[in-house]
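Please look over the sequence and the model shown here, and then read the short report that follows.

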Amino acid sequence: QLHLVESGGGLVQTGGSLRLSCAASGFTLDYANIGWFRQAPGKEREGVSCVSGSDGNTYYPDAVKGRFTISKDTARNTVYLQMNSLKPEDTAVYYCAATGKTPDPTIQTICLPEYEYDYWGQGTQVTVSS
């Protein structure tokens with residue numbers, strides 16, 4: 001069975017850190033396009049960190065640049081999202097997503113449209129208190 005399982009969410013104070021994990025089973029993350037997304041109450045889901053399977057390039061939106069880092073442990077088939085200097089506005093449910101397919105070549109962004117990701121985790125809650 002193919003699936004992703006996230007862990008590592010929780011409650012943290014402003015300025016604190018969390019590391020989210022996304023463990024894959026049934027397929028390899030070695031060359032997958034992987035994204036971390038988040039959805040806050042009343043807001044659309046947004047990409048916060050993505051890595052390209054073809055060249056390893058990463059993308060971070062301005063809201064998290066310099067604070068979040070995506071990394072991959074191929075031996076553990078797990079992707080991580082290290083989140084530092086957390087702010088209350090980072091509060092959301094965080095999801096990891098992956099696809100092993102080559103994306104539509106017309107897509108020029110590292111964070112792919114959500115429909116391009118074949119596998120999604122169940123989500124993990126991150127709450128940052130002020």
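## The largest pocket

The largest pocket holds about 210 Å³ of space, a volume being the space filled by probe spheres set on grid points that are joined across faces, edges and corners. A pocket here is an open set of points, on a 1 Å grid over the protein atoms alone, where a 1.4 Å probe fits and where protein lies on both sides within 12 Å along at least five of seven lines; lining residues have an atom within 4 Å of a point. The lining has 17 residues, and Asn33, Ser52, Ser54, Pro103 and Leu112 lie nearest the centre.

## Basis of the values

This is a predicted model, in which local features need pLDDT of at least 70 and side-chain atom pairs count only at pLDDT 80 or more, while totals for chains, interfaces and linings use all residues. Residues are numbered from 1 along each chain as its sequence is written, and side-chain values use heavy atoms, with hydrogens and water left out.

## Nonpolar cores

A nonpolar core is a set of buried Ala, Val, Leu, Ile, Met, Phe, Trp, Tyr and Cys residues joined through side-chain atoms within 4.5 Å, where buried means under 20% relative accessible area (1.4 Å probe, protein chains only). The largest such core has 28 residues, and Leu29, Trp36, Phe68, Leu81, Met83 and Tyr94 have the most contacts inside it. Apart from this core lies another, of seven residues, including Phe37 and Tyr117.

Leaving aside neighbours within four places in sequence, Phe68 is in contact (heavy atoms within 4.5 Å) with residues including Arg38, Leu81, Met83 and Tyr94.

Note on methods
Buried means under 20% relative accessible area, exposed over 50%, partly exposed in between (1.4 Å probe, protein chains only).
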